[in-house]
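Dear colleague,

Please find the structure below, handed over for your study.

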Amino acid sequence: MSLTLRRSLDRGRYQNDWLDSRHTFSFGEYSDPAWMGYSDLRVLNQDLVVGGGAFGLHPHRDMEIISYVLEGALRHGDSMGQTGVLREGCAQRISAGKGMSHSEANDSETARVHFLQIWIPPRKLGAPASYESAEFPRATREAGWVALATPGGTAGSLRVDQDARIDLTRLLRGQSRVWNTTPGRRAWVHLAVGAATLNGLALVSGDGVAVEKETALEFKASQDSEILVFDLR
């Protein structure tokens, strides 16, 4: 059994006057050969964007890009004609496929937006680009595990073109919850907000854990917490 801790403060970091971004894995100018990704999870960035801040229009191809909003409101626009605003508890999936461009901006001029950016390489390259979004209400997240993304897009989840699944939950202080692993599979845990223990291992906001050969993951929250678990090959 194995739990390998990736401390929040050990992640890569990029800052400018409108963005504070933490990189769990190598990204942009941050490169660490020991942390190039985990299975099919290639990018996991935690982004804080100040009021009025924006990622301008930029291109992507052959990547599944998932954004999940933890706080505030994120405004999206892309070359496929999709536009909209994602608020706390909402997520979007862009299959960049053979090529597309998009922009992401803080929809507020004063309040920050806090969101996760997740990249997973697709099984099929050169597919048509596509977009979808979904809302995961706080009450549903607090009631148990919610499927954020699945290969088939089942049960209201986003569809991701890879043998990967993302589950999400929210624990209130003092609560516990178990996530059962699948034999032969690996997992990555990301504590997005709060503080909790994972099988007795203390975690704070931004910490990640690589999981191998564990039969179950038991989380106990010492603060209100938001937790993502990636089920991977």
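**Strand pairing in the model**

Strand 9 (residues 90-95) and strand 12 run antiparallel and are joined by six bridges. Here strands are DSSP runs of E with at least two residues, numbered from the N terminus, and two strands pair if DSSP finds at least two bridges between them. Ala-91 has Ala-134, in strand 12, as its bridge partner.

Please note that this is a predicted model, in which local features need pLDDT of at least 70 and side-chain atom pairs count only at pLDDT 80 or more, while totals for chains, interfaces and linings use all residues. Residues are numbered from 1 along each chain as its sequence is written, and side-chain values use heavy atoms, with hydrogens and water left out.

In general, strands of a sheet pair through backbone hydrogen bonds, either parallel or antiparallel.

Strand 15 deserves a separate look. Strand 13 (residues 146-150) is joined to strand 15 by three bridges, and the two run antiparallel; Val-146 has Leu-168 of strand 15 as its bridge partner. Seven bridges join strand 15 to strand 22 (residues 225-232), again antiparallel, and Arg-165 is partnered by Asp-231 in strand 22. Six of the seven residues of strand 15 (residues 165-171) are buried, so this strand is largely enclosed by the rest of the structure. Buried means under 20% relative accessible area (1.4 Å probe, protein chains only).

Yours sincerely

How values were computed
Buried < 20%, exposed > 50% of the residue type's maximum accessible area, 1.4 Å probe, protein only. Helix = DSSP H or I, 4+ residues; strand = E, 2+ residues; numbered from the N terminus.
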